[in-house]
Amino acid sequence: MNNKKYKTSVGVAARTDPYATISSGTVQSREFWRWGDDNLFPCALALMARRSTTHRRIINDKADYISGKGFVCDEAAQPRLRSFVDRVNPHNETLRQVLNKLAFDKALFGNAFLEVVTDTAHSFLALYHQDASCCRVARDEKHILLHHDWTSFNSSEALSLPLYPDFEQQADGTLRAMIHYKDYEPMFTHYGVPPYIAGFGVSAIAYKTDRWNISRLDNSFQLSGVLMLDSTVDSEAEAEKIVRMAEEKFAGNPGQVMFIIRDGDENDKDNSRFIPIASQNEGDWQALHEQAVGDIVVAHSWFRTLSGLDYAGGFNAERILHEYEVALNTVILGEQAELMEPIREAIGAILELDTASLEIVNRPPTRSKPIYMKVWEARKADGLDYDPDDERQQAFLSEITKYNIRSIE
């Protein structure tokens with residue numbers, strides 16, 4: 001029997017950083033351009049969005065505002081256009097649903113991919129959103145490769161589609177192409193960079209301060225500290241077993257208590273004890289979290305009230321409307337134009353339809369006036385000239401917002 005005694009000092013404060021680079025080793029390939037050093041940068045971005053509440057809320061809201069409330073067009077003159085908008089692919093998705101996914105990917109990854117499908121006779125047009133995390137730019141810079149798992153890339157399982165406006169015939173006889181949207185960033189050629197790139201650090205701070213509070217709750221707000229245990233062990237395995245038993249009994253949550261096992265003398269009394277580590281930094285953590293949340297909003301070029309923040313002081317409809325108007329003219333309309341431009345071109349080139357009347361319906365998140373008011377009543381409430389006998393002013397506000405008219409001059 002081995003009578004050797006071990007002095008063991010084990011800290012069970014193993015901390016996993018959710019924002020550490022996700023990597024399975026550098027991916028080397030002559031078939032595609034890597035997206036990030038390990039080609040898995042989209043995975044890191046997606047993980048960050050799933051773990052930071054404010055960050056995710058802004059991405060969701062941006063996608064919803066940019067995709068609007070649907071589309072309007074001249075249905076009488078363009079009935080085929082209306083039919084296409086209501087069903088852009090055999091999955092029965094509307095143009096608004098596809099646009100929402102594109103806007104979400106572009107807000108999250110700084111890149112978005114749209115598949116365009118037709119045939120040699122241009123008898124139909126179908127639009128499909130493709131998950132940006134599954135797409136990579138081919139080495140020839142003229143194709144997009146789609147693969148289900150980029151941690152184990154297999155060229156035989158990948159699908160290659162040309163960049164629009166070039167089409168290539170597929171095995172099913174269709175012609176397909178990919179539209180690649182990307183946010184410009186200096187020094188980045190093949191992929192765009194998300195607009196919140198300067199907010200990576202603060203997004204991590206917001207997540208970690210949330211985790212800190214959860215850890216305190218899991219431990220019933222007990223103090224962190226060092227637990228000294230007197231024990232004589234004959235092997236490293238036995239020492240590890242004692243640490244794990246003590247962890248299950250005393251720790252509550254890894255990272256709150258450090259266990260130190262030392263040799264004990266059989267003739268001495270048990271000197272096991274807990275040494276607490278007092279902390280008076282609760283206020284500092286709260287201030288750090290609030291600053292991080294504010295910086296996230298700034299990094300996104302977004303607005304606090306549109307992110308669900310600042311409601312503690314009351315619901316200010318006027319401020320929401322004001323910030324929505326600013327967002328509409330600085331962010332939303334520009335993103336809508338960028339996403340819709342190649343879609344309009346494809347509709348015109350393939351279906352030969354005039355898309356001049358096709359518009360996205362934009363509505364604010366709240367209204368200062370009820371939709372059942374008539375135009376003349378709304379003008380009266382705003383102190384403007386009004387005429388109850390004017391036929392145009394007899395319309396209800398609900399009828400006006402249907403056609404995306406935000407004000408009556």
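Me: Which residues of H2 meet which residues of H8?
Reply: Lys-62, Tyr-65 and Ile-66 in H2 meet Tyr-324, Val-331, Ile-332, Glu-335, Gln-336 and Leu-339 in H8. Contact means heavy atoms within 4.5 Å. By class, this contact has 6 nonpolar, 1 polar and 2 charged residues. Ala, Val, Leu, Ile, Met, Phe, Trp, Tyr, Cys and Pro count as nonpolar, Asp, Glu, Lys and Arg as charged, and the others, Gly among them, as polar.

Me: What is the model, and how are its residues numbered?
Reply: This is a predicted model, where local features need pLDDT of at least 70 and side-chain atom pairs count only at pLDDT 80 or more, while totals for chains, interfaces and linings use all residues. Residues are numbered from 1 along each chain as its sequence is written, and side-chain values use heavy atoms, with hydrogens and water left out.

Me: Why is H2 called roughly perpendicular to H8?
Reply: The axes of H2 (residues 53-67) and H8 come within 9 Å and cross at roughly 75 degrees. Angles of 65 to 115 degrees count as roughly perpendicular, under 35 as roughly parallel, over 145 as roughly antiparallel and the rest as oblique. So H2 is roughly perpendicular to H8. Axes are lines fitted to C-alpha atoms, for helices over the stretch in contact, and angles run from 0 to 180 degrees between N-to-C directions.

Me: What else does H8 lie across?
Reply: H8 (residues 317-351) lies across S3, S4 and S9 (175-182), running at about 160 degrees to S9.

Me: What makes S4 and S8 edge strands?
Reply: The open sheet has 4 strands in the order S4-S3-S9-S8, with antiparallel pairing. S4 (126-130) and S8 (168-169) each have a single partner strand, so one side of each is left without a neighbour in the sheet.

Me: How do you know that S3 and S4 pair?
Reply: Two strands pair if DSSP finds at least two bridges between them. S3 (residues 111-118) and S4 have 5 bridges, in the antiparallel sense. Val-117 stands opposite Ala-126 in S4. Helices (H or I, at least four residues) and strands (E, at least two) are DSSP runs, numbered from the N terminus.

Me: Why does Gln-170 count as buried?
Reply: Buried means under 20% relative accessible area, exposed over 50%, partly exposed in between (1.4 Å probe, protein chains only). Gln-170 has 18% relative accessibility, so Gln-170 counts as buried. Gln-170 sits in the loop between S8 and S9. Not counting residues up to four places away in sequence, Gln-170 touches Leu-159, Ser-160, Leu-161 and Arg-176.
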